[in-house]
Amino acid sequence: MSKTNFLEKIIDKDIKNGLPKKNLSFRFPPEPNGFLHLGHVKSIYLNYSLARKYKCPFILRFDDTNPINEETKFIKAIKKDINWLGFKWCKETYASDYFVELYKLAKKLILQGKAFVDSQTKKKIKEQRRSSYEDGIESPYRKRSIYENLELFKKMKNGCFKEGECVLRAKIDMNSPNINLRDPIMYRIIKKKHYKTGKKWFIYPTYDWAHGQNDYLEKISHSLCTLEFQHNKPLYNWFLSKIKSSGHILPKQYEFSRLNLNYSIMSKTKIKFLIEKQIVENWDDPRLPTISGLRRRGFTPDAICKFIKEIGISKRENNIDIYLLEFYLKKNLAKIAEQVMVVFNPLTLKIENLNETKWLRFKDRNIPFSKEIYIESKDFIENKKDKFWRLSIGQKVRLKSAFTIKAKSIIKKKNGSIKYILCKIYKDKSKYKATLHWVAKKYSLPIKINLYGKLFNIKCPEKIKNFTDYINKKSRIQVNAFAEQFLRNANSKTKYQFLRNGYFCLDNKSTKKNNRKLVFNKIISLKQKRFNI
């Protein structure tokens, strides 16, 4: 990271005040209940960059404390995304690795008189916590004895109660203006099979209880999270103050602004809803800001990481313009994309003074030029207008890496549409104001192209309850096109510039089996907004 951000200043101050560098450690703790999105990349980039700067561990920890929504497929997808982005972790851990330790620490709080088993319903507990503007109501079970709480907690662990019959709560302050401190739930009963621990456990720690204690057990020095967790910080610190042992350095929580991208949603819950309603295909739909979706769309790790670096780390919430991400994408693609000629809306030109196929040199390959070729329909105008420099009757233009051509006459069908344009080629090397791309009709490769637009018609759909009302129904349009044969061997890792159109890539789910047309995804247009970077 080129600029020193406020978190680096905090860490530098800690080191200056006596924190040994060897005690520094950072982590990225995703929940395995969905795929990663751009917001996660900001957190990964931050923690990984700090670990590299201070030459200390970067841990990948899966916070798998809820067996209801967590699956192995999400674990695999998350690791694939992180590797693709170019980040490497030194250690892979799971919150479930510490279930035994967390259970023991919870018993420690019970013995301190700081936790109790509540036999009320979740709904009743929520009602009693009330709002921050009024005092809460203490549970009638708050004064249970330490012995009774230990016995009940043991029974909870052994599966003696039904789901929802009781919970373990911390005993803090029911009158605190911070709702998080009003006797928060530490454990709840969930009789579901955990993808990793199986049916060993009947109780599972809440995020608030597990997160900080896992940081403590893994000796994380600085626990970095987004601003929505700032109200959880007093609870984070309260738990640590009760379970700490002498000589053990406590982790410190610091918050930074989350990434909000215009015309996108980052909420995994909302993305799941879009998938369930079949508004998008899956987590890797190219219209989503998920890493798998961006990869399928054709985005590059280089562009994504430079974008994250540019927006920086701060405490100020703001919405980032999606064009800034596309600026870095376009800049990267211009360096790596292979140029190909593809015609979207074909118009046939018939060459009157050509009888056999000519083989011409384009880039690093030979391409055929036949008696009939395709050009874009928009590159021809029947009645010439001023400042229209492309093809029209009697006007010469240059064909890319080929000949000069002049249109002589129009041959039409019975319905009045153009059948073909009769043309003549010349071998002169004069300069013309227009150069057109083309494809030999006889040798053309039919393909399909997905044209993508913004998924939403409004800038900030994340903040709107009925966000699906603003879905852009034209966010994906599929069209047919004709390409040079070079694309027959296309692969999804290579990026292509379709001359005069934009950047494209082969959809990673596309194959040529059963004579089906290859499908390409449009990554970005050639013309985009400029930024003063």
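In helix 3, the buried residues are Phe74, Ile75, Ala77, Ile78, Asp81, Ile82 and Leu85. The structure considered here is a predicted model. Helix 3 spans residues 72-85, a run of 14 residues. From its first C-alpha to its last, helix 3 reaches 20 Å, close to the 20 Å expected at 1.5 Å a residue. The cover over the buried residues of helix 3 includes both strands and helices. Among the strands are strand 1 (26-28), strand 2 (58-62) and strand 3 (91-94); the helices include helix 2 (38-53), helix 10 (291-297) and helix 11 (301-311). Just after helix 3 comes glycine 86, which adopts a positive phi of about 100 degrees.

A further feature of the model concerns the packing of two helices. Two packed helices are described by the angle between their axes and by the distance between those axes. Helix 4 (residues 99-111) packs with helix 8 (residues 233-243) at an angle of about 85 degrees, and their axes are 10 Å apart. Because angles of 65 to 115 degrees count as roughly perpendicular, helix 4 is assigned as roughly perpendicular to helix 8. On the side of helix 4, the contact is made by Leu105, Lys108 and Leu109, while helix 8 contributes Trp238, Phe239, Lys242 and Ile243. By class, the residues of this contact divide into five nonpolar and two charged, with no polar residue.

Histidine 211 lies in helix 7, which comprises residues 207-217. With a relative accessibility of 5%, histidine 211 counts as buried, because the cut-off for a buried residue is under 20%. When its neighbours within four places in sequence are left aside, histidine 211 is in contact with Arg27, Pro29, Arg61, Asp63, Ser223 and Tyr236. The side chain of one of these residues, arginine 27, makes a polar contact with the side chain of histidine 211 at 3.1 Å. Lysine 387 is 176 residues from histidine 211 along the chain, and the C-alpha atoms of these two residues are separated by 65 Å.

Definitions and conventions: Residues are numbered from 1 along each chain as its sequence is written. This is a predicted model: local features need pLDDT of at least 70, side-chain atom pairs count only at pLDDT 80 or more; totals for chains, interfaces and linings use all residues. Side-chain values use heavy atoms; hydrogens and water are left out. Helices (H or I, at least four residues) and strands (E, at least two) are DSSP runs, numbered from the N terminus. Buried means under 20% relative accessible area, exposed over 50%, partly exposed in between (1.4 Å probe, protein chains only). Contact means heavy atoms within 4.5 Å. The expected span of a helix is 1.5 Å times one less than its number of residues. Axes are lines fitted to C-alpha atoms, for helices over the stretch in contact, and angles run from 0 to 180 degrees between N-to-C directions. Angles under 35 degrees count as roughly parallel, over 145 as roughly antiparallel, 65 to 115 as roughly perpendicular and the rest as oblique. Ala, Val, Leu, Ile, Met, Phe, Trp, Tyr, Cys and Pro count as nonpolar, Asp, Glu, Lys and Arg as charged, and the others, Gly among them, as polar. A polar contact is a pair of N or O atoms within 3.5 Å; within protein, one must be able to donate a hydrogen and the other to accept it, and residues adjacent in sequence count only if both atoms are side-chain atoms.
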